[in-house]
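Hello,

Here is the structure I promised to pass on to you. Please have a look at it, and then read my notes below.

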Amino acid sequence: MKKTDWPDKRRTYLQVLAFALFVAVLQYAFLPERSFGPPLVYSFFIASITWAIIDFGRDLLAAGDETGWPRGWRGIVMVVGAIAVGYLLGSAIANRLCSVFGWQAVDATNREALLRSSILITLLAGMAASYYFYSKGKSAYLERKMGEARRQADEARLRLLESQLEPHMLFNTLANLRALIATDPARATAMLDRMIAYLRATLAASRATSHSLQAEFERLHDYLELMAVRMGPRLRYSLELPPELASQPVPALLLQPLVENGILHGLEPKVEGGSLRVAARREGAVLTLVVSDTGMGYTPATPAGSGFGLAQVRERLLSTYGAQAALDLATPPGGGTIVTLSFPAA
Amino acid sequence: MNPPRALIAEDEPLLAQALQTELARAWPELRIVGVAGDGASAVQQTLQQQPDVLFFDVRMPALSGLDAAARLADEWPQDRPFPALVFVTAYDQYAMQAFEAQAVDYLLKPVEPARLHKTVLRVQQALAGRTQASQGAINFEATLAQLRGLLHAGAAPAAAPLKLIQAGVGTAIRMVPVDEVLYFEAADKYVRVITAGQEALIRTPLKELMPQLDAQAFWQVHRGTVVRAAAIEQVTRDESGRLSLQLRGSAERLAVSRLYSHLFKAM
């Protein structure tokens, strides 16, 4: 059972009372020859009891439910049952009270007609009020859900952008550029061109969904060339794209997070550095892309962040190719990491 | 007075070269006695060369700049003043400027000449003050305090402290109640979990384990050692000023890092 939200209960009960008053006024308006007292007393007790059963029953039956209402038939049974009990108990109490006050509530002559109309009024009013509160609860729930989804999407986009425009990468690259401008302007210009291409591709990747394998390898080349300037002799790399596969479409910058992981968690932490290889091959109808490095190797202790890149690649593969795609991560005994992607060739 | 000597630790060769060039401009008397490409060799070269100033990149292979500085604090000879430390970083993830004890300066990459000039003035001031032994000791204490803060920055304690350690023993998993653990010790790729009479190995690194432990009950006394405070029987100081612990229920003596010796003072 969930904790009772007393301010919410009070708010709901006040609304129910206002509604009961409205029903009593309505009855008085249609039958002005009768006194105003009895309908008000009846309304008050029936509404209060019905409200109490439904509102506290909800906490009991729908504790885990996000809408705050029991689902399906249980909800309907609860509401109808509450109205019936509310009517029987409420009118019994009201009867007693009226006779104490000496109000003659029930005219002996058309007792049956009055009974029918009061049941009808109770039923209609009870259903209307329950429906109103149910829709209110549901729309609040939907709004909450939508807000949550929006926040999650925003977060994912932010994390993607953050991972691509990682501040260490950005400022270290700029620092290298600054150093090169003084010592080797020609190399600085070449590096700047690489950086511009890399940044442009990164920002465009959130819009374009796919590009050719040729374009993918060119972007990886830009990135690796930037890293090679930074790491000097500690980084060697090779990009192997057979010409017949150059026009194959791939999700834009699909391999980027894998290459980045290979450098960031594989080669950069290793004192002597190492090599990174990206290769594409085709076996029948299956296109296979391999990113391998001779770095530290993937361990459970690999710092957080690498998991995000891998999960992101897996998710993109899945959403593009479904069950026909596969991602495989291996740590060969000689050290390093091999990530193999395979999906249907175009 | 001899010209001041500096060591640069930076894994990116162009940046190491650039810092050297900028320093030659900002501080012509300064002699660069070495450039290290990773944290471990930075420690080694510093101990060999005993420079007056260190420029340490924060992110380096083998050992981060922070860990290298922490190791140096332990291994530095007591009779020599500790070098002035300047961290160099591309991105200030530790919010260095937020630390009150500004014993350690920091530079952001790309290094701007105006900012470097400020750092040079601060370091020169610190070196001038070092000639008095008391001032040197105060500087060292402040440096230790700031290093401690940096090393533990960002590790938010877990909501509920760990109760059980699950250690793999062959194909079985042994459950070790945390209440029985005397100390944890980092050993290569593992962490040793020592109880009275038994020992187990786990793969969770000490850095990840620590936030899950009750900080009141377990104290870090060394970069690789976390001890149950209540199990400490006695702390002794040897002639070179180093502290070591004697535990109840264990014959082993545990070394206390200088970084954490502030924990042990007679009341």
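A word on naming: helices (H or I, at least four residues) and strands (E, at least two) are DSSP runs, numbered from the N terminus. This is a predicted model, in which local features need pLDDT of at least 70 and side-chain atom pairs count only at pLDDT 80 or more, while totals for chains, interfaces and linings use all residues. Residues are numbered from 1 along each chain as its sequence is written, and chains are lettered from A and ligands numbered from 1 in the order in which they are written.

Let me start with the backbone of chain B. B:Ala62 sits in the loop between strand 3 (53-57) and helix 3 (65-75) of chain B, and its phi is positive, near 70 degrees. B:Ala62 has 19 other C-beta atoms within 10 Å, so it is partly exposed (buried means 20 or more other C-beta atoms within 10 Å, exposed 12 or fewer, partly exposed in between, with C-beta atoms placed from the backbone). Further along, the peptide bond between B:Lys109 and B:Pro110 is cis, with omega about -5 degrees. B:Pro110 belongs to the loop between strand 5 (105-108) and helix 4 (113-129) of chain B. Most residues other than glycine have a negative phi, and most peptide bonds are trans.

Chain B as a whole has 6 helices and 15 strands, and 36% of its 267 residues count as buried. Its C-alpha atoms fill a box of roughly 60 × 40 × 30 Å along the principal axes.

Chain A has a positive phi too: A:Leu253, which is not a glycine, has about 55 degrees. This residue is in the loop between strand 3 (249-251) and helix 8 of chain A, and it counts as buried because 24 C-beta neighbours lie inside 10 Å. By contrast, A:Phe22, in helix 1 (residues 6-30) of chain A, has 12 such neighbours inside 10 Å and therefore counts as exposed.

Finally, the two chains touch. The contact (C-beta atoms, placed from the backbone, within 7 Å) takes 16 residues from chain B and 20 residues from chain A. On the side of chain B, these are 10 nonpolar, 1 polar and 5 charged residues (Ala, Val, Leu, Ile, Met, Phe, Trp, Tyr, Cys and Pro count as nonpolar, Asp, Glu, Lys and Arg as charged, and the others, Gly among them, as polar).

Terms used:
Two residues are in contact if their C-beta atoms, placed from the backbone, lie within 7 Å.
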